[in-house]
Amino acid sequence: MAALGWLTPRRRSATARSVLAGEASAEAARKSSQELEELDELAAAAAPEEPEEPAEPEFPVAGDTKAAAFFDLDNTVMQGAAIFHFGRGLYKRKFFERQELFRFAWQQAWFRLAGVEDPEHMQDARDSALSIVKGHRVAELMSIGEEIYDEYMAERIWPGTRALAQAHLDAGQKVWLVTAAPVEIATVIARRLGLTGALGTVAESIGGVYTGKLVGEPLHGPAKAEAVRALSAAEGLDLARCAAYSDSHNDIPMLSLVGHPYAINPDAKLRKHARERDWRLRDYRTGRKAAKVGIPAAAGVGALAGGAAAAIALHRRRH
């Protein structure tokens, strides 16, 4: 018992010392923390004030129903030209012969290699498409357009641009495609992407049957700006609060019309123009995808397009 009595005070003493050490450590920590805070405050007071950078305003503005967004289609929302992909689908359904397919393929190869629209090529493609659909019912082409979207277009939608469109939708704004492609095809694409609707080239139809003529002219260049202006007036929009997105310098009139222009995957002329005017730029062509711009798809038109591109290159080397 004596031995136990001798051990007990030491245990209690050790416990007390531990408590004391712990309390001292905590107090020292609090004191050093306060000293550091005081030093930081003194340093901040002595340092010269730096001007705060203005925060970029939130855009799109949620709930702003006077604003809307207008998106070009070809190479902005979707890689390549919608009308060429549509031509692939029509050829598959035997709407036209192989020589017309080669024509579409060559134009698509040129579009991919050059990366920009050529008005003559686009006009030629539209003339071909009009001759092909002449005599067919509008409802038939709309139905086929749904199938062609799944076959050739869905996988070519740029995710980055799609996200921009969704941001406007989430903000409660309307989002429109604005394209030189036939309005029926553009409407299919807009619906499949969950957008509000589409402005596109209107082909004449009588009794629901295509006549092979256009109503007015193709929706290209300045015509797009006029379409946006007219729609905005009808919808009661404020163009200064609207946004427009395109890859092509041909759409500068439309981009200049709105308060928030964006250059998406821009061609050289649009990139230069956008930088000079401090427009926002977005490029969703990663290194891998940018390399693919010059590589036609493997199947159908793609194979012929590759042959056409090779023939052009060989011709240039020989001359």
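Tutor: Let's start with what counts as a ring pair: two rings of Phe, Tyr or Trp (its six-membered ring) pair if their centres lie within 6.5 Å, and planes under 30 degrees apart count as stacked. Keep in mind that this is a predicted model. With that rule, ring pairs link Phe-71, Tyr-245 and Tyr-262 into a cluster. The structure holds 2 aromatic pairs, so let's take them in turn, using the rule for pairing.

Now follow Tyr-245 to its other partner. The ring centres of Tyr-245 and Tyr-262 are 4.6 Å apart and their planes meet at 20°, so this pair is stacked too. Here Tyr-245 in strand β6 teams up with Tyr-262 in strand β7 (residues 260-264), so parts that are 17 residues apart in sequence get tied together.

And are these residues buried or exposed? The cut-off for buried is under 20% relative accessible area. Phe-71 comes in at 1%, so Phe-71 is buried. Tyr-245 is buried as well, because its relative accessibility is 1%. Tyr-262 has a relative accessible area of 4%, so Tyr-262 also counts as buried.

Key. Residues are numbered from 1 along each chain as its sequence is written. This is a predicted model: local features need pLDDT of at least 70, side-chain atom pairs count only at pLDDT 80 or more; totals for chains, interfaces and linings use all residues. Side-chain values use heavy atoms; hydrogens and water are left out. Rings of Phe, Tyr and Trp (its six-membered ring) pair if their centres lie within 6.5 Å; planes under 30 degrees apart count as stacked, over 60 as edge-to-face and the rest as tilted. Buried means under 20% relative accessible area, exposed over 50%, partly exposed in between (1.4 Å probe, protein chains only). Helices (H or I, at least four residues) and strands (E, at least two) are DSSP runs, numbered from the N terminus.
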